[in-house]
Each structure stands twice: as C-alpha cells, then as structure tokens.
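The sequence and structure come first.

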Amino acid sequence: MSITDPFGAGRWVERLWLMRDRILDPTDQWRNTPHLPWETADPEASPMRFEVAGLDSPWNRSRSETGFVSGILRQFTRSQESVFGYTFAASAWLYLNEQYKACAMLRRALDMDPDYVPALVLRALASGTEDEPWAGIDDVNKALDLNPDYVPALITRAMFGPVDNDVNAAVAALDKALSLDPDYPDAFVVSSTLMLQFEDEDIALDFLDQALEIDPDHVAAYQARAELWFELSEWQEAADDLKILLNLAPGNGEARLTKITAHILLSQFDEADSEASYFVDKFPDAPSFLRARANIRQMGARYDDAADDLNAAIRMEPDEPVGYFQRGLLRYETKDYTLAIEDYTRALAIDPDFLPALSGRGLVLLKVGRFAEALDCANAVLAIDSDDPEGLYVRGRSHVEMGQYKRAIPDLNRVLREDPDHVEARCYRGLAREKTGHRKGARKDYARAYRKAVEFGDEDAVELVVRLFPDLKQHKARQGSASINKPGLHRQT
C-alpha cells in the first residue's frame, strides 16, 4: 500500500509491460491470451474484475510503453467510467511520472464526486510535484476535513509540513497515522524525509529500514534509501538497493540511471554497461543512449565496442557534432591522433563555436607538434570564453612549445588557480619557470606534479615529469636530507 498508489496501479502497469515484453520477444514460447484479467478493489465497492482487450495487437506491439499503457487505460476508463476508475487511472499516470495526465484523470473523478477523498489526496500529491504546493495543501486539508482518520491523507499532510514551515504539524500527522495503522510503510518513508531536514541520516536510515521490514517490496523506500546512500557516498549500498528496486519496477528509468552512476563511481563498468544497454535496447533509434553507453565502454577500456556505438550514433545523426567530438575523444585516448583531428574538424564544420571540439582539437594538435594551429584553436576558444580552462592550458602550453615562456606563465597560473592538481599545467609551468631563471619555483612545480601523477596512477604524467626534470631523484634525496637535518627533527632508531 502506498499513498501515491492506493489501488495497486503501479504493479498493474509493471505487469502490463512485462507481458508486452514477452509478446515482443520472438524467442519466448509463451502464448498470450487476447485479454488481460486483473482484480482490484474499490474501498467502497466489492472487488471488480476487468479485462483489457487487444494486448497483443500489432498496434499495441508497435507503440512506446507510455503510449501502450495510455491505450489500455483508455479501455479501462471506458469500461469503468466511475470516480474509482478515473482515480485508478490517475494513480497509474503518477506511477509513470505523468503528472499532467494524472491531473486530467483526477479532474474527471472530482467532477463526478468532489468529496472523493482518495482523489483529493492524489491531486494534492500531483499538484505538489507540479510546483503548486499550496493547492496541494488545500486538497489534503479538505480530505482530512472529510475523513480525519484517512491514513494516506495524514501522511500526505506530513509531506507538506516543510512547505508551510510547520514541522510540528507534520510530526503530529505522522504520529496519528501510525497510531491508526502502525504498519503503514509510507509513514516511515516520510518520517525519514523529515529526519533529513534535521540532518540526522542515522535515524532516517532506521526509518527506511523499518519501512522495508514491513513491506520488503516497497519501491519508494528503496529509492529513498538509495538516494540517502548516495548522500553518504556509500555507492555499493546504493547500487544494491537499486538492483532490488529494478527487480520490482523494471520500468523505473530514473532508478536505472542512478544505478549506472553508482557503478561508474565504483569502477564497475560491466555492470554500468549492462544497465545502459537496457536503454539502448528499449530506444534503438535514440543515438544519445548509444553515446552514453560508448562513454561507459571507453571508461572500461572497451574501445572497439565504444567505437561501434559511436559509429552507429553518427550514422543516425550525421549532422550532430557531439558524436564526432566523442569519437575524437576516444581516438585521442587510443593515440589515433590523425583520426581524432579529423573527427574534431568534422564537429567544427557543423558548429564552429563548439568549445569542447575546439579545445580537443587544440590538445591533439599539441600531441602531433602542430603548435601554431593549436594556438589558433586556443585563441578561438578564449574568444568565446576568456576563462575556459582548457583554452588557457592549450594557449599556455603552445607558448611553452614555441619558446615563449614569459607569455605562457600567466595562462598556466590561471589554470592552476582553478585546478591545483592539473599535472600537465604544473609540469609546463615548471618548464617555463626554469627557462626564465626561476629554478626554485620550477623544482617545486616538478616535485608536486610528480607526487600527484603517482597519486593518480598516471604513468604518462610520471614519464613527462621525469623527462622534463631528469634530476628529480637527486632533488628528492637532497630535500629528504635537509628535512632530517633540521633542528628539532630526530631520526627514529
């Protein structure tokens, strides 16, 4: 039982999707009946049974999930043209995050019966998510005037407590709800949200644990706990909760995107790839999902698979610069510099002011020793955004490579003010300082760049520091000896 889904519409939608997926699966030997029976209960009527016709029709097979459910709901509301029927349909639309359509159904329900309490509560929730909290408060207050002991209304009123700065009223509403129904899981979920207002994550977690003890299939509780795990930087716990959630609600796209983020943060690229593949398979004509999966595959060093995804995305959208830019990044990482330049150039032919492509082209031109062209790219970037850090780095680095050391230092200083751990910028500032006679500053830059390169596990950066500062080992030895001989410092024996 959930305040946003009092009649089980969400599970109904998920069942529709799962059955439709089986129809679409050519390897599945299951044979679908032409009607989908479902049983539900109106609190003020006896249980009713309705059937959905044409589930396996060619029209339904070709529709998007939302369009498919929309057609089924139209059949349902025609057969159940009642205040309950429209409220049930509104609950299904809320489950699908379609607030506008939910509100349309609720208007019909309340036109038939302005005092139908479940519809008032659902409209309060829908209005709140549409940034109209005061209209939502009016609806839930009316529901409580009609039925002061309606638990979903009490919990909804508690949800609006922070809106009107009445936390005490919210706590009182939750206490009353739990006195009427001690095992109503949504009360614990909302209690958790209130505890977060006081920055008490431990108690918030306890409330969510209690909600899941009562209802181990409570989707909202898993979602809330996963979000809290994210706040606490507990990525694995978040991923585990989201896995359970998606077993219960496979169509929850927001949860799947969050799970992808958790896997990336954990460097679990195969798992992230699997979740991204869900969207690629679900939306085969959407190049953005191919590009997203390509990015994950690149992070996991699956370069050929990433290239396949990007090639497919570019075939779908040959006039979209992002695809060429992303493939340029991939080719830059795999040291295929000639093709990387070609991709960046194609992106800029489509959009000459596309900053990421201008910066990327400048970086790869530095790699192949075409410093004057790299400087042109940097100047083009900085003409659009004078504070762009990549543009500043490319310009500073170009000046270093062209022997214009004094002109390089101000740009590299600005880069390092924004990002003190930019190893390459620190290396080349060290070189510029060395060439302009500031050897002490140069050695500090080299030493710090080396420490950060080792810390980040960046072998190329380590090699760069050693190449620019070949006496690094002797410098470190002298620094260590000086520290040992300082007054007050004693070697441990």
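The sections below go from the whole chain to local features.

## Overall make-up

The model is predicted. Its secondary structure consists of 27 helices and two strands. The protein has 493 residues, of which 46% are buried.

Among contacts with a separation of 6 or more, 49% are between residues 24 or more positions apart. The accessible surface is about 25,000 Å², and carbon and sulfur atoms make up 50% of that area.

## Negative surface patch

A patch of negative charge on the surface is formed by E199, E201, D202, D206, E227, E231 and E254. Two elements, α11 (201-214) and α12 (219-231), each give two or more residues to this patch. Helix α11 supplies the largest share, with three residues.

D202, one of the patch residues, is located in helix α11. Its relative accessible area is 57%, and the cut-off for exposed is over 50%, so D202 counts as exposed.

Helix α22 spans residues 389-401 and includes S398. The relative accessible area of S398 is 0%. Buried means under 20%, so S398 falls in the buried class.

Which residues is S398 in contact with, leaving aside its neighbours within four places in sequence? They are L366, F371, A374 and L375.

## Two positions side by side

Key:
Residues are numbered from 1 along each chain as its sequence is written. This is a predicted model: local features need pLDDT of at least 70, side-chain atom pairs count only at pLDDT 80 or more; totals for chains, interfaces and linings use all residues. Side-chain values use heavy atoms; hydrogens and water are left out. Helices (H or I, at least four residues) and strands (E, at least two) are DSSP runs, numbered from the N terminus. Buried means under 20% relative accessible area, exposed over 50%, partly exposed in between (1.4 Å probe, protein chains only). Contact means heavy atoms within 4.5 Å. Accessible areas come from the Shrake-Rupley method with a 1.4 Å probe; for residues, only the protein chains shown count as cover. Patches are made of residues with over 30% relative accessible area and no salt bridge: like charges are joined within 9 Å, nonpolar side chains (Val, Leu, Ile, Met, Phe, Trp, Tyr) within 5 Å. A salt bridge is a side-chain nitrogen of Lys or Arg within 4 Å of a carboxyl oxygen of Asp or Glu. Lys and Arg count as positive and Asp and Glu as negative; His and the chain ends are not counted. The place of a charge is taken as NZ of Lys, CZ of Arg, CG of Asp or CD of Glu.
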